Each structure stands twice: as structure tokens, then as C-alpha cells.
Amino acid sequence: MAFPSYYPYVIVGAGIHGLSTAYHLAVQLKARGRGTGGDVLVIDKTSIGAGASGIACGVVRNNYFQPAMRELMAQCVEVWESDPEAYSYHPVGYMQISPESMHEDVASIAEQQKEIGYESVFIEGEKDSMDYMKSLFHDWRAQGITSVLHEKKGGYANNTSSLYGLANKAEAEGVRIMTGVTVTGFESAQDGDAVSAVKTNRGDIGCDQVVIAAGPWAKQFWDMLELPKTVDIQGKDGELHKDIPMWVYWSLQEGTLGVDPAFQVTNAGEMPPVIHVDSDAPLYSTVDGSLITDRMWGIYYKPDFHFGGVQGGAAPFKVETDPEEVAVDPYGTESPEFVVGTDFAHMWCSALAHCQARFEGRIDRYKNEPSGGIGAFTPDSFPVFDTFRENCFFVADSNHGYKMIGVGKLVAQELCGERNTLLEPFRFSRYAQGRLHPISHSPFPWS
Ligand SMILES: Cc1cc2nc3c(=O)[nH]c(=O)nc-3n(C[C@H](O)[C@H](O)[C@H](O)COP(=O)(O)OP(=O)(O)OC[C@H]3O[C@@H](n4cnc5c(N)ncnc54)[C@H](O)[C@@H]3O)c2cc1C
């Protein structure tokens with residue numbers, strides 16, 4: 001097929017957001033009699049799943065302290081549930097297991113989940129929390145836990161399988177997906193600010209509407225579109241915080257313990273929910289008993305056949321390098337700079353053993369292979385979903401987003417002229433207007 005010179009809709013990035021937008025846009029255009037999937041082109045410089053979506057742990061949860069995030073996640077879980085087979089989705093549920101310092105935050109999450117009809121169980125108190133966890137895992141032993149939020153929905157999905165599932169659905173609707181096409185810039189319309197063509201290494205593609213879904217490469221596209229490098233934020237403290245950098249990178253820490261995934265079944269012999277534990281109990285080494293940390297720490301884990309073991313991660317760290325200098329490429333496991341090291345393996349395996357006796361002495365099964373990757377975060381670490389330059393929709397999920405498969409559906413509706421209230425709290429104008437999301441006591445920047 002010849003390289004196209006024009007498409008009504010050009011979507012950049014074949015990750016979860018680009019592919020979900022493409023598929024849902026094709027469906028929406030047809031349903032409204034406004035076109036077909038044949039009007040939609042997805043381009044990616046490498047391949048389907050070459051970015052963050054292809055290495056994501058795949059956890060799907062609702063556990064967010066911010067009401068707007070919770071409501072959005074409930075919509076996303078509905079999309080996962082709409083075709084579990086194609087999306088390779090495992091609805092095993094999710095557990096947030098917390099110390100007293102997070103009790104109040106998590107109680108309010110549980111309360112509001114009830115209000116929006118998102119099924120979950122909330123256990124309070126140290127003894128009841130321990131009993132509840134032991135009823136699931138006989139070897140549970142984490143100390144200092146005073147609440148357990150057990151979300152009955154959510155779970156995880158297999159990263160690349162779900163992307164190919166989405167791509168197949170999009171292509172079945174007539175969407176064209178071209179890989180090996182690198183965007184190098186944008187052509188502006190003569191009579192305004194709109195983008196008239198996407199410039200690529202293989203030629204220009206004229207378009208009416210662009211969607212940018214570039215994950216960790218968000219800053220590069222932000223710069224290509226000549227959007228502001230810094231923002232002024234009207235803080236909740238009443239102060240105007242000036243010249244805050246728009247982008248900062250965090251390094252995600254994940255790895256796999258190479259045991260049979262069935263090693264982590266529940267007492268009933270079933271595949272367990274995804275476990276997320278935050279704790280302020282001192283964490284000691286499973287290797288030599290030395291103190292690893294006496295500060296707040298957190299881990300998550302799940303048995304996963306796709307990764308071949310018990311896979312999970314720990315809190316990320318901020319990349320201190322000037323964002324202008326951070327090398328996003330080569331990305332993920334190919335990066336010489338941003339893969340996890342032995343410190344992560346030691347901490348994570350020790351934390352697993354802190355929680356469940358079955359992990360004691362298992363650090364030798366840790367898979368010594370590259371894992372982890374960086375994410376591009378916004379100034380408040382929450383997504384920006386908005387239109388810039390008149391016809392350029394930017395999906396910048398601030399690394400929240402493999403689970404956000406439903407955002408593409410909302411973006412598609414918006415491109416068809418129907419704005420959804422679920423996206424409103426994520427507009428760029430919130431910084432100047434001080435409409436900021438509440439901040440939790442979690443050690444993770446995304447809770
Ligand atoms: C290690 C790790 C674990 C994670 N775990 C989870 C999790 O468990 N649950 C969860 O919800 N989220 C998780 N995330 C976050 C999640 O993966 C991302 O938020 C999400 O995948 C971003 O999706 P995307 O479609 O925006 O971008 P991506 O999946 O990164 O896709 C962007 C695409 O853009 C392409 N591209 C870049 N530049 C160009 C260019 N110039 N021209 C053309 N194409 C270009 C890339 O090749 C890439 O394929 C994790 C992230 C990491 C790094």
C-alpha cells in the first residue's frame with residue numbers, strides 16, 4: 001500500500017491509548033454515520049507495544065484517593081470487562097493493604113466506591129485485617145496493617161496480548177496501523193494554529209485531526225507542538241507557584257520471581273487478587289536480616305503466566321537528570337540507564353517475605369533480566385487529556401494509564417463532538433485555575 005498523503009484522523013502511538021482511541025473512534029464514526037475505520041490511521045515509530053504499554057505490569061484497579069480518578073477507572077474497568085478474551089483480562093480483583101497513616105484515606109476511597117457502585121470490601125483494625133488476610137493466605141504475616149480494601153473488580157491484563165487484541169479489533173473496523181513511521185514535527189495551517197499535516201520520516205500526512213498518545217515520549221511531542229515548557233499553578237495554599245516544569249520523569253521499578261505462578265494461589269487454590277501493600281513497619285533483609293528501611297515502603301505483586309512467575313514492583317524514584325537531557329530512547333528493557341538493579345531485587349524480595357512466609361529464602365529465584373522503564377509525569381502527577389492547537393488531542397496519562405483503556409473511548413466520543421464529564425477534571429486549565437486533585441498519604445506518586 002502506498003504511503004498515505006492524507007487521513008482525516010491521524011493517531012500517533014500504538015500503545016494502549018492510541019489503539020483504544022483508534023478502535024473506539026472507528027466504532028463511533030460508523031455508529032453516527034460520520035465515517036468508518038477507514039478514516040483512521042495509527043502510526044508508530046517502532047511497533048505495537050514498543051512503549052510503556054508493552055512492558056506494563058498490567059494492574060487494573062480503582063484504588064484512587066481522587067474522586068475523578070476513581071470515576072474514570074470505573075469506566076475503564078467496564079471497557080476491560082466488555083471483552084476479557086480479546087483484552088487478555090484477568091478479573092481477579094485487587095487489594096490495598098495499608099498502615100494506620102493511610103487508614104483515613106483508604107476509608108474514604110471505600111466509602112466513595114460504595115457510592116459509585118464499585119464493589120469492594122473494607123476491613124478495619126489490626127486483628128481483623130490479619131484474620132482477613134490469613135483467610136486468603138495461611139502464611140500472611142505483615143505487621144502493622146490496620147486496613148484492607150479488597151476490590152472485587154479489576155485485576156490485571158497481559159500487556160502485549162491486550163494491545164494485539166485492540167489492534168485486531170481496530171483493523172477489523174478498517175483502521176490502518178503503520179509501524180516504522182517516525183513523527184518529526186507538525187505543519188501548521190496557514191490561517192491559524194491548527195495542525196494541517198503530520199511530518200514523518202517517510203513523508204507528510206495531511207490531516208483534519210491529530211491524536212497524540214506517545215506515553216513516555218509526551219515531552220518530545222509537547223515540544224514539537226511548541227506548548228509551554230513550564231506552567232504556573234494556582235496552589236491549594238492560595239499561592240501562585242510560577243514556572244513549574246511541565247514534565248518530569250520517574251523510573252518504574254519492577255521484576256519477576258521465577259517461581260511457578262501457582263506458588264501464590266489462595267488457601268482455596270484459586271488465583272489471588274493483585275496484592276498491594278504499603279507499610280511503615282521496619283523492613284529487614286531476607287538475605288542477612290539487616291535493616292533495609294524504617295521509612296514508608298510499598299510493593300505490589302501477582303502471579304502471572306505471561307511474565308513466568310510472581311511479578312510486581314515497588315515505589316518508583318524521580319529521575320533527577322534535567323528533563324531536557326533525559327534519554328527516553330532506547331526505551332524500557334533496552335535502556336542502559338533505566339532498568340532495575342540488585343537493590344530493587346533485594347528490597348522487593350525482602351518485602352515479599354515480610355508479607356508472606358512462602359517467599360522466605362526465595363530471592364535466588366529472582367529473574368536477573370532487564371525490567372522496568374521510565375514514565376513522563378505532569379506537574380501534579382495526574383493526566384492531561386485536552387485539545388491543543390485547535391485539532392490536536394493530547395492523551396498524556398502521566399504514567400497512570402495501561403489500566404485506562406476506557407480513555408480512548410471517551411476521546412473518540414469527544415472527537416465526534418460529545419464531551420464527557422469524566423474527562424473534564426483532566427484539562428490543562430486546571431493548573432492556572434487551581435482545580436487540583438487531592439493528594440493522598442501513599443508513598444506512590446500515582447495513588
Ligand atoms: C514498568 C512500567 C510498569 C507499568 N505498570 C502499569 C500497570 O501495572 N498498570 C497501569 O495502569 N499502568 C502501568 N504503567 C503505566 C502505563 O504503562 C502507561 O501509562 C501507558 O502504557 C501509556 O500508554 P500510551 O499509549 O500513552 O504510551 P505507550 O504505550 O508508551 O505508547 C507510545 C508509542 O508512541 C510511539 N512513539 C514515540 N515517539 C514517536 C514518534 N516520534 N513517532 C511515532 N511514534 C512514536 C512509541 O513507539 C510507542 O509505541 C507502567 C509503566 C511502566 C514503565
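This report describes selected parts of one predicted model, going from its strands and helices to single residues.

## Basis of the description

Residues are numbered from 1 along each chain, following the sequence as written. Because the model is predicted, local features are given only at pLDDT of at least 70 and side-chain atom pairs only at pLDDT 80 or more, whereas totals for chains, interfaces and linings use all residues.

Helices (H or I, at least four residues) and strands (E, at least two) are DSSP runs, numbered from the N terminus. A residue is called buried if 20 or more other C-beta atoms lie within 10 Å of its own, exposed if 12 or fewer, and partly exposed in between, with C-beta atoms placed from the backbone.

Strands of a sheet pair through backbone hydrogen bonds, either parallel or antiparallel. Two strands are taken as paired here if DSSP finds at least two bridges between them. Strand 12 (residues 203–212) pairs with strand 23 in the parallel sense over 3 bridges, and V210 has C392 as its bridge partner in strand 23. Strand 22 (residues 384–388) pairs with strand 23 in the antiparallel sense over 5 bridges, and here T387 has F393 as its bridge partner. Strand 22 and strand 23 also form a hairpin with 3 residues between them, and R389 in the turn has a positive phi of about 50 degrees.

An open sheet of 3 strands has the order 3-8-4, with antiparallel pairing. Strand 3 (59–60) and strand 4 (89–90) stand at its edges, each with a single partner strand, so one side of each is left without a neighbour in the sheet. Strand 3 pairs with strand 8 (residues 155–157) in the antiparallel sense over 2 bridges, and V60 stands opposite G155 in strand 8.

## Surroundings of the ligand

Around the ligand there are 39 residues, of which the closest are G13, G15, G51, S53 and G215; a residue counts as near the ligand if its C-beta atom, placed from the backbone, lies within 6 Å of it. By class, this shell has 18 nonpolar, 16 polar and 5 charged residues, where Ala, Val, Leu, Ile, Met, Phe, Trp, Tyr, Cys and Pro count as nonpolar, Asp, Glu, Lys and Arg as charged, and the others, Gly among them, as polar.

Helix 1 (16–31), strand 2 (40–44), strand 15 (248–257) and strand 21 (373–377) each supply at least two residues of the shell. Helix 1 gives the most, with 3 residues.

## Helix 1 and its neighbours

Helix 1 and helix 5 (residues 159–172) pack at an angle of about 25 degrees, with their axes 9 Å apart. That makes helix 1 roughly parallel to helix 5. The axes of helix 1 and helix 8 (residues 407–415) come within 7 Å and cross at roughly 45 degrees, and these two helices are therefore oblique to each other.

Axes here are lines fitted to C-alpha atoms, for helices over the stretch in contact, and angles run from 0 to 180 degrees between N-to-C directions. Angles under 35 degrees count as roughly parallel, over 145 as roughly antiparallel, 65 to 115 as roughly perpendicular and the rest as oblique.

## Single residues

A cis peptide bond, with omega of about -10 degrees, joins D329 and P330, and P330 lies in the loop between strand 20 (309–318) and helix 7 (342–355). D243, although not a glycine, has a positive phi of about 55 degrees; D243 is found in strand 14 (residues 240–245) and counts as exposed, with 10 C-beta neighbours inside 10 Å. S381, also not a glycine, has a positive phi near 65 degrees. The place of S381 is in the loop between strand 21 and strand 22, and S381 is partly exposed, with 18 other C-beta atoms within 10 Å.

A167 belongs to helix 5 and counts as buried, with 20 C-beta neighbours inside 10 Å.
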